[in-house]
2 protein chains.
Amino acid sequence: MSLLVVGSVALDSIETPFASHKDVLGGSASFFSVVASALTPVRMVAVVGDDFPEEHVDFFRQREVDVEGLQRVEGRTFRWSGRYHENMVDRDTLDTQLNVFQDFKPVLPDAYRESEYIFLANIDPKLQLQVLEQVRNPKFVACDTMNFWLQGETLESFRKVLASTHAVFVNDEEARLLSGEHNLVKAAAAIRKMGVERVIVKRGDAGAQLHDDDGIFIAPAFPLEGVADPTGAGDSFAGGFVSYIANRGRLDGATLRQAMVFGTATASFSVEAFSLDRFKTLDLPQVLDRCAKYGELVRFDPISL
Amino acid sequence: MSLLVVGSVALDSIETPFASHKDVLGGSASFFSVVASALTPVRMVAVVGDDFPEEHVDFFRQREVDVEGLQRVEGRTFRWSGRYHENMVDRDTLDTQLNVFQDFKPVLPDAYRESEYIFLANIDPKLQLQVLEQVRNPKFVACDTMNFWLQGETLESFRKVLASTHAVFVNDEEARLLSGEHNLVKAAAAIRKMGVERVIVKRGDAGAQLHDDDGIFIAPAFPLEGVADPTGAGDSFAGGFVSYIANRGRLDGATLRQAMVFGTATASFSVEAFSLDRFKTLDLPQVLDRCAKYGELVRFDPISL
């Protein structure tokens with residue numbers, strides 16, 4: 001059950017109505033791998049610059065994330081800065097500096113090519129395709145994307161990615177953009193017709209929906225008394241989801257639904273602190289406890305009249 | 001199990017990106033009573049003008065809604081017109097003509113004073129208080145409101161209503177306004193401290209949450225392939241919710257959760273057609289079938305690792 005993630009490692013500067021932090025650890029591969037490593041060994045392919053603090057690499061290593069595929073090159077690390085609105089859901093991107101990420105070429109160390117589970121985080125679909133060409137016989141591939149790629153040439157590439165993956169994560173807007181359907185049920189059905197068996201629609205604080213052969217499964221977000229920083233919630237969700245599947249080694253509908261719940265619980269911890277801070281103290285029993293509480297949130301007896 | 005509703009009966013003019021309809025039957029008391037009458041006898045207190053089509057009153061009667069409390073006075077019926085955005089959730093009010101509703105005084109026919117279950121739809125809280133003064137010994141009172149009332153003198157009155165009711169329906173914005181808390185978990189807790197045991201937060205297409213002594217219950221919205229007209233969804237939800245409780249004659253937590261699901265199923269039918277049209281063909285087995293399907297949407301096996 002070897003799990004490979006290819007994505008970004010970044011330094012984020014984040015403002016919320018309540019606090020702000022500069023140059024904290026961020027990036028899709030960071031969130032995904034730290035989360036997923038709780039359930040399964042993770043291999044990371046990403047790039048950082050020579051300014052990237054060694055303590056973050058140590059943190060990955062402590063979580064037993066294999067960083068052989070983490071390239072360190074001359075230049076500055078990818079930086080993103082954003083400001084959250086008062087609702088702690090909507091945000092404005094203030095600045096994006098691709099820096100060393102601009103010329104990122106995902107090169108898989110030999111050992112990584114046999115990875116059974118793959119997560120292609122939100123990067124240029126052309127790079128996602130390069131990863132798929134390097135892996136030998138994956139059991140389960142999931143991919144993420146963003147609105148920026150869903151047009152022109154990169155959209156063509158992403159459609160090829162879709163046809164080679166088993167699950168795709170999209171938010172409402174991306175689902176609509178990709179499918180041309182406003183209604184999310186129709187949008188998910190249209191995306192499934194593009195060749196991907198499972199569509200997971202992420203709806204922020206409204207939770208997520210899994211669309212697969214079993215129909216629709218809805219996982220509302222775990223209600224929290226406070227959200228410190230929503231950054232990385234989607235990648236934490238994906239990390240919980242894919243690592244649960246890798247851990248169980250099963251792809252049946254029941255396991256997929258459990259993976260949705262595990263991902264939801266994981267994402268709910270992610271937003272409780274800035275950056276990846278919450279994961280520094282989080283342990284598996286806490287996540288399982290929240291999964292059990294989650295069951296109570298949606299449980300009801302059959303309707304009888 | 002006598003159920004009394006006091007609210008508005010209106011003629012709505014509605015535009016969506018896909019269609020528009022002029023002067024169709026609307027109003028909180030209309031949606032609530034037609035929905036609720038499927039499970040329990042309903043008594044309606046509202047007012048219409050002399051222009052109100054008799055066919056609508058016949059429709060209420062066919063549904064065995066007691067219209068003795070439906071006042072008919074000289075003048076024009078309350079009119080509302082609105083336009084929905086492309087997301088079919090947000091809307092702009094284009095025009096509100098209170099007309100005969102301006103001088104509405106809820107007067108309960110004698111027989112209504114013994115009603116056991118009461119729904120105070122969104123009207124001036126001072127009128128809601130007048131209703132409470134007229135009923136003798138209700139078993140369960142639920143109320144709705146809107147942002148407009150949650151300030152100044154009417155807010156004072158609404159706080160008195162809250163202290164005399166067993167459940168309140170609020171949307172996100174109203175919950176925040178009423179409590180001064182942005183976070184919905186904190187907002188619901190603060191509202192419960194105002195004297196109302198159960199807070200139901202309606203979140204549009206994200207569903208609804210029940211906050212009570214048992215904790216939080218989340219009912220995501222039923223996913224639909226098409227929404228024709230969201231108007232009245234909240235009152236249909238309330239109609240399903242309160243009538244389920246009246247039908248069962250129980251107020252325990254398990255029944256309340258079932259009522260949330262029954263209300264969610266009912267609301268999902270409401271939005272499938274303009275005005276109250278969907279209820280002209282809907283029967284109880286269809287609603288129960290959707291409740292069963294709903295169970296499948298949120299069902300998952302316990303997480304095991």
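Predicted model: local features only at pLDDT ≥ 70, side-chain atom pairs only at ≥ 80, totals over all residues.
**Notebook: two chains and their axis**

I began at the rotation axis: B:Ala206 is the residue of chain B that comes closest to it, with its C-alpha at 2.7 Å. Residues are numbered from 1 along each chain as its sequence is written, and chains are lettered from A and ligands numbered from 1 in the order in which they are written.

**Entry 1. Symmetry**

I looked up how chain B is laid onto chain A. A rotation of 180 degrees with 0.0 Å of shift along its axis does it, with an RMSD of 0.0 Å. The two copies are thus related as by a two-fold rotation axis. The superposition is by least squares on the C-alpha atoms of residues with pLDDT of at least 70 in both copies. I note that the same surface serves both copies, since 100% of the contact residues of chain B recur in chain A.

**Entry 2. The interface**

I looked up the contacts, which require C-beta atoms, placed from the backbone, to lie within 7 Å. On this criterion 35 residues of chain B are in contact with 35 residues of chain A. On the chain B side, α6 (184-192), β14 (215-219), α8 (253-270) and α9 (284-298) each supply at least two residues. The largest share, six residues, comes from α9(B). Helices (H or I, at least four residues) and strands (E, at least two) are DSSP runs, numbered from the N terminus. By class, I read 20 nonpolar, nine polar and six charged residues on the side of chain B that touches chain A. Here Ala, Val, Leu, Ile, Met, Phe, Trp, Tyr, Cys and Pro count as nonpolar, Asp, Glu, Lys and Arg as charged, and the others, Gly among them, as polar.

**Entry 3. A sheet in chain B**

I traced an open sheet of four strands in chain B, in the order β3-β2-β7-β8, with mixed pairing. Its edge strands are β3 (20-26) and β8 (91-97), each of which pairs on one side only. Two strands pair if DSSP finds at least two bridges between them. Strand β7 (residues 79-84) of chain B runs antiparallel to β8(B) and is joined to it by six bridges. One bridge I looked up has B:Tyr84 with B:Arg91 in β8(B) as its partner.

**Entry 4. A hairpin in chain A**

I found that β13 (residues 208-212) and β14 of chain A pair in the antiparallel sense over five bridges. A hairpin of two residues joins β13(A) to β14(A). The bridge partner of A:Ala208 in β14(A) is A:Ala219. Four of the five residues of β14(A), 215-219, are buried, so this strand is largely enclosed by the rest of the structure. Buried means 20 or more other C-beta atoms within 10 Å of a residue's own, exposed means 12 or fewer, and partly exposed lies in between; C-beta atoms are placed from the backbone.

**Entry 5. Helix α1 of chain B**

I checked burial in α1(B), residues 28-36: nine of the nine residues are buried, so the helix is largely enclosed by the rest of the structure. Among them are B:Phe31, B:Phe32, B:Val34 and B:Val35.

**Entry 6. Positive phi**

Most residues other than glycine have a negative phi. I noted A:Asn99, not a glycine, at a positive phi of about 50 degrees, in the loop between β8 (91-97) and β9 (117-120) of chain A. A:Asn99 is buried, with 20 other C-beta atoms within 10 Å. B:Glu64 also has a positive phi, near 60 degrees, and is found in the loop between α2 (54-62) and β5 (65-66) of chain B. B:Glu64 is exposed, with 12 other C-beta atoms within 10 Å.

Key: Contact = placed C-beta atoms within 7 Å.
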